[in-house]
Amino acid sequence: MKRISIVYRNEENSLVMQHLEAVIHSVFRDSAELRGIYISRLRPGEPVDADIYLLSDRRLIFDLREHAVSMHNVVFMDRSILRSSLGEIRAIPPGSEVLIVNDTRDTAEETAVMLYGLGVDHVRFTLFDPENPGGHEGVRYAITPAEPALVPSHIPHVIDCGYREISFETMMEIERLLGADDPEITSRLVDYGMKIIEPARTSAANYLNRFLREKLLDEYLYYSEDVTFAVNNSGEVVFFNQKAAALFGFSHDRRILLREHIPEDLLTLLYSTDNILKAACTLNETHYTLDKKSFLSAESSIGFTVNMRDEMSIVNSETVLSNALKKSGLVARYRFSDIMYTSEIMKRTVRRAQIVAGTDHTVLILGESGVGKEIFAQAIHNASSRKDRPFLGVNCASIPESLLESELFGYEEGAFTGARKHGRAGFFERARGGTIFLDEIGDIRPQMQASLLRVLQEKQIMRVGGSQVIDIDVRVVAATNRNLPEKVQSGEFRDDLYYRLNVMQITIPPLRKRKADIRPLFDYFLENSHPLPTPAMYEKMQHHSWPGNVRELENCALYFKTFHTLPETISEDVGIRETPQGLPSQTRIDVAILRIISDSNAAGRGIGRTRIQYLLESVHITVSDIQLRKRLAHLKQRGFIEIHKGRRGATITPAGLQYLAENATL
């Protein structure tokens, strides 16, 4: 065991000495024997033998010369303070005069020099002399290292920073001279370094950085679940983790040549190209993905690293990611048991959906707004083999066209202004292994239609700004309240995409076609509240056309719970003209828009888009803002309307009036 002699001038202030020795022992413990030496008590020429001489005062070097066996192992004790004290010192107003108080003027000076060295330069220090304590009447702040009793009583703000600590640089030098190669000492020294303040010295920073690098190698690389090794330019394995050692038989007790430990086909793969990303290989009947990264120096190869991940680790990682995505809300909440119905038409619809759920085919759900298309999509997912994987719903009409592609397919770093660093995975990647629900699919633009077609055909995507093709395993369930065959005929929707989507079609009937479901649904939405509607009210609901479908019925129940009566809009009415699929036709919508604009123009005013959308609702036609924009653009292109800026809004043209007259029966 090596000996450390801590050299003091005399035995004054024994509490400080005890503190310093306790600090050293807390880090090095049984690796060194500590001994206090007092210069004042040594006889002339008396030898002091030690492996390390630790001087509490630099000036003691002159006295130590005649006692030390060797002067090559002398360490000067630099001092610091606890990190917890710095906040109070920094809070002193800039420019303030601060009295530094210690047991002697010399030690007060040492403390002031230490504080300046630690970067405390926003105040002016004045030294306290215990032998001449007067003359500090205007000072309001004092700093003392564990000597508060010496501070003049008139000073209101006293910061006791405790005994001065041994600097991290000093402790590093002790460790070096001890030659202690002990991970526990290193760990304790790092813990100590985190508690005290150090000036920005390169050696201390390098020590901490080296410690972190070693921890990274030990905790991340060596014990990693991946197979990792590094090879130099001569084909010698210079680093390997425990997984690589187990797989290839690498050992630290001899020189390892790569060609002597791995199969010929894997060796050929590794030397086939400088860098490899996600190559497939098989060893001992286990499948791996392999990455290789070459390192260059002065444009010459100096070696490469290899990382191999087995299929079980990949599956486990995807399962963890899937569970995390589900916890973040990417989960289907509804099941077929949550769908309430008594009508025969809904029984057939649900049964058809249950059969479809047992397959892995693409599904197209048709139905008016408010019939519950997403509930069916979630129920299909939860009844499928993908029920334990993510479910991700996307409303295609609610995302601006300029963003839809990057949201669906993701993007790489720097793909566009404002792109996140490192890029972002899109909805298809995040739903990997599960189901993606594309609502309002009939409203996407032609360019996006082409991109979706490639996804459905190839089961692959490419991020915006990327060059790598990414394989995906996602079931697509799409939905729309639009008449897709009519949009195909008009050229607004690709026929090839329509047929790719329309593999399994489910049409959800509107509420007016399943009136047997109105009362049980309404009672369910009431949630056992009282009173119940009168028979006359139920009869009135039976004759209402429910253009908002189940969503409108739920709102009606909420209104009844609040006011105990039905909304005024619930009345006997005729409903809207339908196509064979039960959806309002494009012609019907166009005629309704033209009629609204014509009526407004006849009253001597134009009309804006928001007002048109509101009046369409009054005739039981529900369209989104994006849908309405497209219909107005279509009518303008055909010359039926003109669109002006400001209050004039839209006006109908003579051609529009003619078209309206020709379709007056709609």
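Helix 21 passes helix 24 in a left-handed crossing, where a crossing is called left-handed if the near helix is turned anticlockwise from the far one by less than a right angle, and right-handed if clockwise. Helix 21 covers residues 586-602 and helix 24 covers residues 654-662, and the two pack at an angle of about 125° with their axes 10 Å apart. That angle makes helix 21 oblique to helix 24, because angles under 35 degrees count as roughly parallel, over 145 as roughly antiparallel, 65 to 115 as roughly perpendicular and the rest as oblique. The axes are lines fitted to C-alpha atoms, for helices over the stretch in contact, and the angles run from 0 to 180 degrees between N-to-C directions. Helices (H or I, at least four residues) and strands (E, at least two) are DSSP runs, numbered from the N terminus. Where the two helices meet, Thr587, Val591, Leu594, Arg595 and Ser598 of helix 21 are in contact with Gly656, Leu657, Tyr659 and Leu660 of helix 24, contact being heavy atoms within 4.5 Å.

This is a predicted model, in which local features need pLDDT of at least 70 and side-chain atom pairs count only at pLDDT 80 or more, while totals for chains, interfaces and linings use all residues. Residues are numbered from 1 along each chain as its sequence is written, and side-chain values use heavy atoms, with hydrogens and water left out.

Another helix pair can be described in the same terms. Helix 18 (residues 518-526) and helix 20 (residues 549-563) pack at an angle of about 50°, with their axes 9 Å apart, and helix 18 is therefore oblique to helix 20. Helix 18 passes helix 20 in a right-handed crossing. Among the residues that meet there are Ile518, Leu521 and Phe525 from helix 18 and Val550, Leu553 and Phe560 from helix 20.

The next topic is charge. Side chains of opposite charge can pair when their charged atoms come close. The structure holds 29 salt bridges, each being a side-chain nitrogen of Lys or Arg within 4 Å of a carboxyl oxygen of Asp or Glu. In one of them, aspartate 78 pairs with arginine 58, and their closest N and O atoms are 3.0 Å apart. This pair links distant parts of the chain, 20 residues apart, since aspartate 78 sits in the loop between strand 4 (74-76) and strand 5 (79-80) and arginine 58 in the loop between strand 3 (52-55) and helix 2 (61-64). Aspartate 78 is partly exposed at 22% relative accessibility, and arginine 58 is partly exposed at 48%; buried means under 20% relative accessible area, exposed over 50%, and partly exposed in between (1.4 Å probe, protein chains only). Aspartate 517 and arginine 514 also form a salt bridge (3.2 Å, N to O), and both of these residues are buried.

Two single residues complete the walk. Serine 26 lies in helix 1 (residues 14-28) and is partly exposed, at 36% relative accessibility. A polar atom of the serine 26 side chain lies 2.6 Å from the backbone oxygen of valine 23. Methionine 462 has its place in strand 19 (residues 460-462) and, not counting residues up to four places away in sequence, touches Phe409, Ser467, Gln468 and Val469.

Methods: Polar contact = N/O pair within 3.5 Å; in protein donor to acceptor, adjacent residues only side chain to side chain.
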